[in-house]
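Subject: Structure for you to look at

Hello,

Please find the structure below. My notes on it follow; keep the view open while you read.

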Amino acid sequence: MVFIIMISTWMSVIVMLVAFVNGARNEDDMQPCAKVETSSSVVPLGSPVTAMCVIRDDCPLLVGKAVRIEWLLGDRFLPSSPVANESITVSEVVIPSFNHTRAFLTCCVQASPVQVVGGVEIRAGYPPEAPQNLRCQTNLTTPSTLTCSWDPGQQETHLITKYTLHTEIRDTNENHAYELQPRVHRYTIPRSGFVLFSKMEIYVKAVNELGEASSVPITLEPVSAAKFDPPTILKVQAVPKRYGCLKLSWSLSQHQAWMLDRLNLEIQLKTSNSGQWSEPIPVSRVRPTRPVDQCRLLHGTQYLVQVRVRYQQSPWSEWSSSQSGVTLESAPTGRLDWWMKVSGDHMRNIHLFWKPSKQFRGNSQNVSYIVSVQKFPGETGKVCFTMENYCTFQLPRTTKKVYLSAVNAAGKSPPTEIRIYMLKAHTAISNVSVTPLDDRALLVRWRGLVSSSLTGFVVEWRPSLTANPSLIQFEITDRNQTSLVVTGSFEPYKPYGISVYPRFKDGIGHSQTVNAYSRQKAPSMVPKLRMKKIWQSHIELTWDEIPLDQRNGIIKSCKVFYWDEKGVINVVNADPNERRVVLTNLNTVSLYEAFMMVSTFGGSLNGSTIHFEIEPFDAVVVVMIATAAGVGLSLLIIFAVLICSSNHKRLKGHFWPVVPDPANSSIKRWTSDSTQDSHFASDNEEPNPIHLSHLSFLDLHMKLSKEDDDPWLNSAEDTSDLGESICGSPFIPGYSGSNSDSVPYATVIFPGPCNSPAPQGAHVYLRSESTQPLLEAEESFSPKCYQNMATDGMPREQCFFGPCHDGVTEEGEDPDILWDDFPFLRALAMNETQND
């Protein structure tokens, strides 16, 4: 628009200069050569325009010349025609539709070059529209003012339009007109231009070169157009003896305290734990000095209250600041919704949760809850008394129901009967999924299996990072419902455990639980990769589990990126639950780098980079074999040297045992000196090898009659190795008493040391076996029925080593024959004689 005005101005200057140059050159005649006349210089946009150009006869351009008149609209030539019955110095042009908001129409003479002899500027636009939506508002602050505003209309006039605000006070017939600057559609009338309680008429007039228009006048009383300041609530208190009522005392602001007329009032309220205000409650024609009662409220409930005012149809003031008040208390009413978890066998562990139903009213600020086993409990019937929304207690299996009641200072609600149901093995839930809607809502879906005993479902949700039972919330649905929108303040990036339980006629079934997030982002940390196993061209990497509070979402994938010096990047997808991955087809003697990327549904995060190298397989094997062979050979040499240089008899006996030939040995050759010089080894010493024989002696310092102290009698094992003497029996590796080639022989147990005087008590013989033949003439492994020839005070017929013929002990008629057949017994007798 500015550019067009500049062009028009320059064109006007050019036309005037050209016309002046082409006019009379003397000082007495300064008129232009031509005169251009139009029907109007301002026309409606799109209307036709007619113009006529008349050239003076004495114009220097026409002297002695034949010229032709041309028309230019801007820079475009227009067809023209000479006027009939006139000379060639008059020309007329008709523009059927003038579509320019501003343009120059010039008259030219066709010469060399074309000469402009006259011109005129034509402007086009629209007449103004009538101003719309005239509104006025009184400001009652000091000083008071009345501000009016309006809308100029949708159509642009393209012409300069002036607005004038007109007022007329009816009581005084005083008129005022306030002119405004162009394009200004708002005006503030000073306090001298109106009277608060006198009606006045107000309208706006718009004028431009094509016409004028006025708005619809409005009639108002300035005070009725005043927007009051927010009022002040002085006090909110309960009305005595009236339940559900609050009394509000209020006043206007200090600058408007002079207003004593009746005003319209609106009240809005909300409970202390609610986030939304109620719909405004109107109260008509009240005086600022008079309190207002508001009833039909909940009993014993704390309310926040706000008010606003206006005079007649004036604008509403802003809401006042909030003030709180509490209605009178009454006993709780309605029922409680409950949800129970039961575990245990003999004594049941019960976790009971509850919440107010839509019909429940606590009717108090301090509500407690009683759980009892009696409908009208005494002190002994109570199992729980709490102000929380849950309770944990134990009851015997015989208890089938409990009762839940709400209590306040005014009374107690009717008890809610709760039947105790055990957890059932039924499974009626599958495909539980959670979709976040926003930070305050989650959509839970599940699939319920068809069951005749299914009565509904319980949806339970709680923060997963805390075990506080007071944060558990639940909702009960019917059997046909398979989805639920759970609401609350869900913290973003934090996990919530959502469980769905099936309800049956006689109990609760197993649940399905999933973790859910209202919003997800990349994890806060990525665990470090660790090398667990390395073998030929393979490596196993492991990592720790990401802590739940740092996941920030559901882990959907773990990817391991690795590359060698060549820079070729490989990617392996890992199972987030297994936390391990095996990298295969790796090059030996190559340095690798690797890192892991963990992704949730809200983003991904890369971990730190590790370096590893795969050694050649052959070199590893050679090193391992050489190391093992060297260690084994060294141990063998050390062991052999220790064996050869050792003086330990038992150690040598393990490798080079001394096995005597019983057939070529004789107790008779044992001298008394050698016997006396040979002491019997203690428990920690080895016996003297010279005494190794097929006859052994055992020293027992305790009485054999005490079976509890007898290691032999107490043992149920085979006693075939008892021939290994404390006094001097050989140690024979691999000996077994069950060997079929063994030969039975005797072990004599003395009640005292072997070299002690002969005891008075009888000797005890134990059967044993030997792989060495004791008697060459022996034909049977089982000895005959032998007799104890050297004992006194015992029957002569006594079977020690084998069964007697016909079950009766043989009588020994010829002792000499017995001594010849059994040299060991003869030696025993000789030994006893010598000791005597």
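Leu-265 has Val-283 as its bridge partner in strand 21. Strands here are DSSP runs of E with at least two residues, numbered from the N terminus, and two of them pair if DSSP finds at least two bridges between them. Strand 20 (residues 263-271) and strand 21 run antiparallel and are joined by four bridges.

Before going on, note that this is a predicted model: local features need pLDDT of at least 70, side-chain atom pairs count only at pLDDT 80 or more, and totals for chains, interfaces and linings use all residues. Residues are numbered from 1 along each chain as its sequence is written, and side-chain values use heavy atoms, with hydrogens and water left out.

What does Leu-265 touch, apart from its neighbours within four places in sequence? Its contacts (heavy atoms within 4.5 Å) include Trp-250, Val-292, Val-307 and Trp-316, as well as Val-283.

Buried means under 20% relative accessible area, exposed over 50%, and partly exposed in between, with a 1.4 Å probe and protein chains only. In soluble globular proteins, nonpolar side chains tend to be buried together.

Next, strand 30 (residues 401-408). Seven of its eight residues are buried, so strand 30 is largely enclosed by the rest of the structure. Its pairings are as follows:

- Strand 27 (residues 368-372) is joined to strand 30 by five bridges and runs antiparallel to it; Ile-370 has Ser-405 in strand 30 as its bridge partner.
- Strand 32 (residues 416-419) is joined to strand 30 by four bridges, again antiparallel, and Glu-417 in strand 32 stands opposite Tyr-403.
- Strand 31 (residues 411-412) pairs with strand 30 over two bridges in the antiparallel sense. Lys-412 in strand 31 stands opposite Val-407, and the two strands form a hairpin with two residues between them.

Last, the rings. Rings of Phe, Tyr and Trp (its six-membered ring) pair if their centres lie within 6.5 Å; planes under 30 degrees apart count as stacked, over 60 as edge-to-face and the rest as tilted. The count comes to 11 aromatic pairs. One of them is the tilted pair of Tyr-562 and Tyr-592, with 6.4 Å centre to centre and 50° between the planes. This pair links distant parts of the chain: Tyr-562 is in strand 44 (residues 555-563) and Tyr-592 in strand 47 (residues 591-600), 30 residues apart. Tyr-562 is buried, with a relative accessible area of 8%, and Tyr-592 is buried at 3%. Ring pairs also link Phe-561, Trp-563 and Phe-595 into a cluster.

Regards
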